[in-house]
Amino acid sequence: MSDTFTGNKALEIHEPLIFETGHVATTGVDVEEPAAFESRLGGHARKTPIDLPGLTEPETMRHYVRLSRQNYAIDLGLYPLGSCTMKHNPRLNEKMARLPGFADIHPLQPLSTVPGALELMQELSHWLCAMTGMTAVALSPKAGAHGELAGMMAIRAAIAAKGETRHVVLVPESAHGTNPATAAALGYKVESIKAREDGTVSVEAVKEKLSADVAAIMLTNPNTCGLFEPEVKAIADAVHEAGAYFYGDGANFNAIVGKAKPGDLGVDAMHINLHKTFSTPHGGGGPGSGPVVLSERLAPFAPVPFLRADGTLVERADEAGEGEMPFGRLTAFHGQMGMYVRALAYMMSHGADGLKEASEDAVLAANYLKAQLADVMSVSFPDRPAMHEVLFDESFLKGSGITTLDFAKAMIDEGYHPMTMYFPLVVHGAMLIEPTESESLPSLDLFIATLRDLARSAREGDTARFTEAPRLAPRRRLDETKSARKPVLTYEPPAPYQEAAE
Ligand SMILES: *Cc1c(COP(=O)(O)O)cnc(C)c1O
């Protein structure tokens, strides 16, 4: 039962589904009945009404604004998702992306009318190659996972060009799920590599699995436990010696920009999540963008369209020149232009020194959290310095009846988005926290104090604070298993509404 007549709680306004607010029989706009016309749809015209709710502009706007107020956002508070780098999206980037010369162009416009856009892509490519120490970049992939696909297709093409076929891709067990999924989608057999006690991958474990049938290893560095792989160079050398390639998952690049170049570590292909490392909007504010950088050995296989170093554009595979062997095409056009503008604005406004400092501050912030929480929560790998994120597990909750999930739900009541939970899989009840460089010291301190208070409650047996959480969110705890296993994908109008529509 609600405390108020309307069901609203002051600024938190109860919002029904848009189908319950709007009505199929009404319309929000005045349009004249079209004059008689001859349908060109053949027999395919709809026979039943389309059943879209008719709403006015203010009603539509209110619906979405009200919903947005029930949600969490990077612009509302600290967003500690590990392996996700939820950093501030500087408004300068947004301003640049809205310049009409970038925002209003169309991919089918004549090339002679868009030299600035091409130059921007060229400049962005230059920054990405310089930072990673790589030869070429395919800008078009539309997310990290898409970049993985692009990089692995380039690897497959390079292997085929040598007249070889290889069937196996090695993936450490701490890997993000997209790595094995990418390899499997391309028809590779995935073989898992066990992590050591300290959360890292040993060159010995890799060597045991290497053979003439291995096409590549997909390795994330820093890895998803937030640790720099100390044997990464030796692993790269062993992989190359076996005639295989090193796909570097670059999702955690935020930790090492300006500090280490993946090219120097032996990486052959690596995606860069512009929406993680380079501050372009993420999640609901996306879209993502996942350019993939390629080593000299893989550069010839980059997909079309691509820009040559001299600025000329290769739009189709049949336009490829000497030494260019594009494996195909991933997207209709060039990718997420708006994100290129934002990412380059971020890079240029920081400069090389500023980008390096951002990485240093991100690592510092994670290690600060680690140091301030180590006595009350369990740091999974206490002996290694954390990189940009720090991994905890649920052993500090042992015997309390409280799980990682309960702990995360209690964070919601405190006004925080939960950290990444139950990933990576190498520890029990993982809590992966990435504060990023965007947070001020007072913001980090409040977050630390909140987690300390929650840990104290758990220790003192205040189980209800966790198992009943969230108590204060617009929705209480949902049945996540049921929603995943039995999703309701069709909308059935409630009975009185149905009658009214008839
Ligand atoms: C985010 C992430 C990916 C996938 O990137 P998307 O842009 O979400 O497709 C891959 N690997 C790791 C380690 C990640 O954190």
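This report describes the ligand site, selected backbone features and an annotated domain of a predicted model.

**The ligand and its surroundings**

The ligand is surrounded by 13 residues, and the closest of them are Ser83, Gly144, Asp249, His275 and Lys276. Sorted by class, this shell consists of seven polar, three charged and three nonpolar residues. Two helices, α6 (144-161) and α10 (274-277), each contribute at least two residues to the shell. The largest share belongs to α6, which provides three residues.

| Residue | Protein atom | Distance to a ligand oxygen atom |
|---|---|---|
| Gly144 | backbone N or O atom | 2.7 Å |
| Ala145 | polar backbone atom | 2.8 Å |
| Lys276 | N or O atom in the side chain | 2.8 Å |

On its own, the ligand has 380 Å² of accessible area, of which the protein covers 87%.

Is Ser83 buried or exposed? Ser83 counts as buried because its relative accessibility is 7%, below the 20% limit for that class.

Ala10 likewise is not a glycine and has a positive phi, of about 50 degrees. This residue belongs to the segment before α1. Ala10 has a relative accessible area of 71% and is therefore classed as exposed, the limit for that class being over 50%.

**His14 in the segment before α1**

His14 is also found in the segment before α1, a helix that spans residues 18-21. Leaving aside residues up to four places away in sequence, His14 touches Gly7 and Asn8. Arg66 is 52 residues from His14 in sequence, while the C-alpha atoms of His14 and Arg66 are 8.0 Å apart in space. With a relative accessible area of 44%, His14 is partly exposed.

**Cis peptide bonds**

The bond from Asn221 to Pro222 is cis, and its omega is near -10 degrees. Pro222 is located in the loop between β4 (214-220) and α9 (232-241). The bond from Ala469 to Pro470 is cis as well, with omega near 0 degrees. Pro470 is located in the loop that runs between α14 (464-467) and α15 (480-485).

**The annotated domain**

An unreviewed UniProt entry assigns the annotation "domain: Glycine dehydrogenase C-terminal" to residues 358-460. In the model, the chain over residues 358-460 is 44% helix and 11% strand.

Methods:
Residues numbered from 1 in each chain as written. Predicted model: local features only at pLDDT ≥ 70, side-chain atom pairs only at ≥ 80, totals over all residues. Heavy atoms only, no water. Helix = DSSP H or I, 4+ residues; strand = E, 2+ residues; numbered from the N terminus. Buried < 20%, exposed > 50% of the residue type's maximum accessible area, 1.4 Å probe, protein only. Contact = heavy atoms within 4.5 Å. UniProt positions renumbered as here; feature names shortened; annotations may be inferred. Near = heavy atom within 4 Å. Polar contact = N/O pair within 3.5 Å; in protein donor to acceptor, adjacent residues only side chain to side chain. Areas by Shrake-Rupley, 256 points an atom, 1.4 Å probe, with all protein chains shown as cover. Nonpolar A, V, L, I, M, F, W, Y, C, P; charged D, E, K, R; others polar.
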